[in-house]
Amino acid sequence: GRSAAHSSHPHTEFVYLFSAQSKIMFLLSLAGASGSLLSLVRHSGEPLEITLDHGQGLYSAEHALRIGTPPQPVTALFDTGSFDLLGFSQRCLGTCFYAKHMGAAYSPDKSKSFQGLSTKLLNAKNGTLLKDHLLELTFGQGTAICLPGSDAVVLAGKGHPLRVKNLHLLEGVWAQQSLGILMEQEVTAIVGLGKSKDPNDPEGFNRTHRTLLEQLRVNVFSMCYGAGKDAPGKLLFNDPLFASSGFMQSREIPESVSEVKVIGHVHWGAHVNNIAINGTSMGCKTSKCAAIVDSGTSLLLLPKEIIQHIAVLLAKYEVKDDCSGAEKLPVLTFMLDGPKGPVEVKLPPASYVAQLEGEVATDPIARTLAKLMGKKIAAKTHISTCQALMMPLDQKSEFGNMIVLGHPVFSEYIVSFKPAFPWGMFFQKSPQVHGNCLARHPAQSVLEGGAEVPAFRKLAPASIKLPDWLESDVVAF
């Protein structure tokens with residue numbers, strides 16, 4: 001999870017895989033926020049499907065999250081790498097990155113069910129007294145200041161709405177301008193979908209509130225992202241595939257699904273036994289590795305030595321800036337540990353390569369990017385290059401070298417999570433039928449022409465986000 005306060009702007013490193021004519025460079029995104037949450041619930045085991053729109057690299061849901069009484073619709077990211085509901089508020093202290101979109105943010109003053117520090121007290125308190133109420137959250141690209149509170153929450157979409165009467169939330173009241181990447185899609189909330197507390201873990205990693213998923217008593221939720229340009233993602237609560245298979249009664253797993261063994265107490269973690277290309281091991285076969293499966297991270301984070309091995313192999317291929325030639329790149333295979341044996345997660349080039357194109361501002365990440373590309377640092381720098389969606393990560397965990405499996409995995413697989421203890425995590429190849437990553441009956445669509453061949457995605461520089469825990473020496477699972 002996220003520590004309450006630590007330094008921002010971690011060291012970011014980009015690695016080129018190809019020659020000057022065909023650069024594929026490593027970058028990364030965010031792991032999202034974490035902390036603690038919530039309170040009471042109205043429950044239904046019926047499915048709820050939410051469409052996640054793909055804008056410039058972020059998968060968000062417009063108006064699927066509604067906070068307060070009467071409900072206020074906001075645009076939210078859904079993040080398996082965190083636990084809390086973080087909602088940026090109209091009660092902004094000073095200048096906030098979302099000022100020009102203030103109307104899209106949550107307003108506690110307009111909610112009859114809000115519980116927390118009132119605006120009158122917020123304005124009356126001096127800095128010393130107010131400091132006792134504030135929580136600092138540090139992301140890779142900046143810091144946010146939050147106030148703890150609670151309010152009613154509704155998740156809405158296709159199906160039965162899910163409601164929590166009094167959810168503990170973190171109200172964002174200030175944020176650095178560098179976090180403005182969220183506002184590229186007017187995102188003003190992050191919904192944590194982390195694991196529930198382990199009853200055998202007395203400390204509970206300082207969680208004093210039950211998570212949203214615990215309150216809602218969701219049995220299994222599934223996520224996937226669309227392959228190709230602008231294809232949407234899907235989030236399905238109370239996935240009927242698992243209910244129909246008898247999973248909730250006997251833990252019988254559907255035939256099309258592979259189960260991965262969940263490790264650790266905090267994140268959705270798994271042992272990685274090997275990373276291979278064309279049968280050749282890139283790493284993790286003789287050394288211990290562990291991965292976090294994180295929907296809030298845009299790229300793949302791998303140990304530096306593995307990145308170097310991959311770079312040597314991929315450098316043999318000619319890939320141009322528009323990604324022509326990238327379709328000939330090999331499949332990248334991750335071997336995860338499952339209760340019934342190894343589980344292969346195979347990523348074709350269309351999932352781990354994309355075209356990065358657009359303007360970058362002169363923040364620390366952009367300056368690093370411009371320097372590595374051999375360009376002068378200007379007020380605005382336009383880039384257009386084909387890139388491997390990977391970044392070196394030299395961090396350890398109690399289970400070995402750290403790996404993060406982000407968006408590329410969700411663009412190839414429907415990943416399902418059982419949030420209640422004992423936890424479960426499952427992979428099913430996504431059919432990607434006509435842009436629907438959750439279509440589980442591809443045979444029906446074969447008669448209509450079959451699945452579309454995904455094009456290489458385009459990402460805007462503004463969509464690149466960095467994990468909040470990158471500078472930690474050891475990451476807890």
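**Strand 24.** I began with strand 24, residues 400–405, in this predicted model. Six of its six residues are buried, so the strand is largely enclosed by the rest of the structure.

**Its partners.** I looked up the pairing next. Strand 16 (residues 289–293) runs parallel to strand 24, with five bridges between them. There I found Ile292 opposite Val404. Strand 17 (residues 300–302) is antiparallel to strand 24 and joined to it by two bridges. Leu301 has Val404 as its bridge partner. Strand 23 (residues 396–397) also pairs antiparallel with strand 24, again through two bridges. Lys396 faces Asn401 in that pairing. A hairpin of two residues links strand 23 to strand 24.

**Salt bridges.** I searched the whole structure and got four salt bridges.

Glu49 and Lys234 meet at 3.2 Å, N to O. Glu49 sits in strand 2 (residues 48–54) and Lys234 in strand 12 (residues 233–237), so the pair ties together parts 185 residues apart in sequence. Lys234 is at 13% relative accessibility, so I count it as buried.

Arg91 pairs with Glu171, with the closest N and O atoms 2.8 Å apart. Arg91 lies in the loop between strand 5 (85–88) and helix 1 (119–124), and Glu171 in strand 9 (residues 162–175), so this pair ties together parts 80 residues apart in sequence. Buried or exposed, I asked of Arg91? At 7% relative accessibility, Arg91 is buried. Glu171 is buried too, at 1%.

Lys346 and Glu344 form a salt bridge at 3.5 Å, N to O. Lys346 is partly exposed at 39% relative accessibility. Glu344 is partly exposed at 43%.

Note on methods
Residues numbered from 1 in each chain as written. Predicted model: local features only at pLDDT ≥ 70, side-chain atom pairs only at ≥ 80, totals over all residues. Heavy atoms only, no water. Buried < 20%, exposed > 50% of the residue type's maximum accessible area, 1.4 Å probe, protein only. Helix = DSSP H or I, 4+ residues; strand = E, 2+ residues; numbered from the N terminus. Pairing = 2+ DSSP bridges. Salt bridge = Lys/Arg side-chain N within 4 Å of Asp/Glu carboxyl O.
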